[in-house]
Amino acid sequence: MKLAEALQERADLNRRVQQLQQRLANNAIVQEGEAPAEDPKELLAELDGCVESLEQLIAQINLTNCRTLVDGSSLTELLARRDALKLKLSAYRDLVYNASQLGRRATHTEIKLLSTVNVKELQKQVDQMAKELRLLDNSIQAANWATELI
């Protein structure tokens, strides 16, 4: 199984666990004399099986990510870089957006708002980070489809 397929399966298992949790909540309490629509014991058994499968799959994914190298860096390192870059890019985009909202004055007596940063220069940095993120994500995706799960 390719790493990318394992990641898709992990996402499916996570959705399944969430659905089972909701179904358990829906069948946890019934009116006296009524039966639940689904047997909570059966739902719990299914949940336990899904969580066990998920645990094994996550361990395999993590081991594979640690052992797979792309341009001298492990997939784990690339994923950490991607997450950090996304966080940084979000903060920079927010700053550019907020610094660009100078508003308009109706008269000369109103308070004039000025940007405290160079929006043009920050936008260039945002564009460069977005490009780096795109290329990094492409490398990660290519490795995911080329790598066999351990």
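This is a predicted model: local features need pLDDT of at least 70, side-chain atom pairs count only at pLDDT 80 or more; totals for chains, interfaces and linings use all residues.
Which residues line the largest pocket? The lining is made up of Leu-3, Leu-7, Arg-10, Ile-61, Asn-65, Leu-79, Arg-82, Ile-140, Gln-141 and Asn-144. By type, five are nonpolar, three polar and two charged. The space inside comes to about 190 Å³.

Now, helix α1. It runs over residues 3-26, 24 residues in total. From first C-alpha to last, α1 reaches 35 Å, close to the expected 34 Å. Its buried residues are Leu-3, Ala-4, Ala-6, Leu-13, Val-17, Leu-20 and Leu-24. What do they pack against? Three helices: α2 (40-67), α3 (75-100) and α4 (119-146). Note Leu-3. This residue is buried in α1, and it also lines the pocket.

On to the core. In soluble globular proteins, nonpolar side chains tend to be buried together. Here, the largest nonpolar core holds 19 residues. Leu-57, Ile-61, Leu-75, Leu-78 and Leu-149 have the most contacts inside it. Again, α1, α2, α3 and α4 each supply at least two of the core residues. There is also a second, separate core, with eight residues. Leu-85, Val-96, Leu-122 and Leu-133 are among them.

Last stop, Leu-75. Set aside neighbours within four places in sequence, and Leu-75 touches Leu-3, Asn-65, Thr-68, Val-70, Ile-140, Ala-143 and Asn-144. Look back at the pocket: Leu-3, Asn-65, Ile-140 and Asn-144 are part of its lining.

Definitions and conventions. Residues are numbered from 1 along each chain as its sequence is written. Side-chain values use heavy atoms; hydrogens and water are left out. Helices (H or I, at least four residues) and strands (E, at least two) are DSSP runs, numbered from the N terminus. The expected span of a helix is 1.5 Å times one less than its number of residues. Buried means under 20% relative accessible area, exposed over 50%, partly exposed in between (1.4 Å probe, protein chains only). Contact means heavy atoms within 4.5 Å. On a 1 Å grid over the protein atoms alone, a cavity is a set of points where a 1.4 Å probe fits but cannot get out, and a pocket is an open set with protein on both sides within 12 Å along at least five of seven lines; lining residues have an atom within 4 Å of a point. Grid points are joined across faces, edges and corners, and a volume is the space filled by probe spheres set on the points. Ala, Val, Leu, Ile, Met, Phe, Trp, Tyr, Cys and Pro count as nonpolar, Asp, Glu, Lys and Arg as charged, and the others, Gly among them, as polar. A nonpolar core is a set of buried Ala, Val, Leu, Ile, Met, Phe, Trp, Tyr and Cys residues joined through side-chain atoms within 4.5 Å.
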